[in-house]
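Thanks for asking me to look this over.

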Amino acid sequence: CNIPLRERNIVLIGFMGVGKTTIGQLVAKKLYRDFIDVDQEIEKRHQMSIPAIFEQMGEDYFRKVERELIVDLCTNTRLKILSLGGGAYLQEEVRNACLSHCIVFFLDLSWECWKERLPLIVDNRPVLKNKTLEEIEQLFFQRRNAYSIHNSRVLTNNLDPETVANEIVESIK
Ligand code: S3P
């Protein structure tokens, strides 16, 4: 890909609730760039919440819309900060588009730390609905396989979003 490194979109990936949106907003502000949260963009275009889209149109439909939007953003935009939904990067086409056109940061968090956030995020995450803690833990570790293909990993354990955002900004200078 011939997009110069400093013009490439920065893509944030990682499990639900690790702070991709909050951190992405901060990174965008610090770099004077636009921020796009893929889930919020899908909600805006559909005038529906993500849980409603899952419920009324099904997960396969959501994954298709998500994939097409991300591939489009990766291929046709630059200088943006993109935050992806936690399941998006499991799709090979999404991974390929991100890795060939952007700089991919994996926001990593230990299971122990993540577990404490579960009560705060479970309500509007259809993927977590009706799952036991053991099933969620399995999903957490399964997904790490996909997330492990990235350009840079940032461990966010016990770090506030501001510190993580600064780390990302420093690392691309
Ligand atoms: C999903 C994560 C969500 C959202 C949807 C599915 C997933 O985004 O895209 O509920 O499969 O992990 P966040 O990672 O922002 O919660």
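1. Let me start with a definition for the sheet: two strands pair if DSSP finds at least two bridges between them. Strands (E, at least two residues) and helices (H or I, at least four) are DSSP runs, numbered from the N terminus. With that in hand, S4 and S5 run parallel and are joined by 4 bridges. Within this pair, phenylalanine 105 stands opposite serine 152 in S5.

2. A word on the source: this is a predicted model, in which local features need pLDDT of at least 70 and side-chain atom pairs count only at pLDDT 80 or more, while totals for chains, interfaces and linings use all residues. Residues are numbered from 1 along each chain as its sequence is written.

3. Strand S4 also has a partner in S1: the two run parallel, with 4 bridges joining them. Here isoleucine 10 stands opposite isoleucine 103 in S4. For burial, the cut-offs are 20 or more other C-beta atoms within 10 Å for buried, 12 or fewer for exposed, and partly exposed in between, with C-beta atoms placed from the backbone. S4 spans residues 103-108, and because 5 of its 6 residues are buried, the strand is largely enclosed by the rest of the structure.

4. Now the ligand. The residues around it are Met16, Gly17, Lys20, Asp39, Ile50, Gly85, Gly86, Gly87, Arg125, Pro126 and Val127, where a residue counts as near if its C-beta atom, placed from the backbone, lies within 6 Å. This shell divides into 4 nonpolar, 4 polar and 3 charged residues. In that scheme Ala, Val, Leu, Ile, Met, Phe, Trp, Tyr, Cys and Pro are nonpolar, Asp, Glu, Lys and Arg are charged, and the others, Gly among them, are polar.

5. Which residues does UniProt list for "binding site"? The unreviewed entry gives Gly17, Val18, Gly19, Lys20, Thr21, Thr22 and Arg125. Its positions use the numbering here, feature names are shortened, and annotations may be inferred rather than shown by experiment.

6. Glycine 17 lies in the loop between strand S1 (10-13) and H1. It is partly exposed because 17 other C-beta atoms lie within 10 Å. Leaving aside neighbours within four places in sequence, glycine 17 is in contact (C-beta atoms, placed from the backbone, within 7 Å) with Trp114, Arg117 and Ile121.

7. Threonine 21 sits in helix H1, residues 20-31. It has 18 C-beta neighbours inside 10 Å, so it counts as partly exposed. Setting aside residues up to four places away in sequence, threonine 21 touches Asp37 and Ser83.

8. Finally, two backbone angles to look at. Most residues other than glycine have a negative phi. Asparagine 130 has a positive phi of about 60°; it lies in the loop between helix H6 (111-121) and helix H7 (133-147) and counts as exposed, with 6 C-beta neighbours inside 10 Å. Asparagine 158 has a positive phi of about 60° too. Its loop runs between strand S5 (152-155) and helix H8 (161-171), and with 9 C-beta neighbours inside 10 Å asparagine 158 is exposed.

Key. Two residues are in contact if their C-beta atoms, placed from the backbone, lie within 7 Å.
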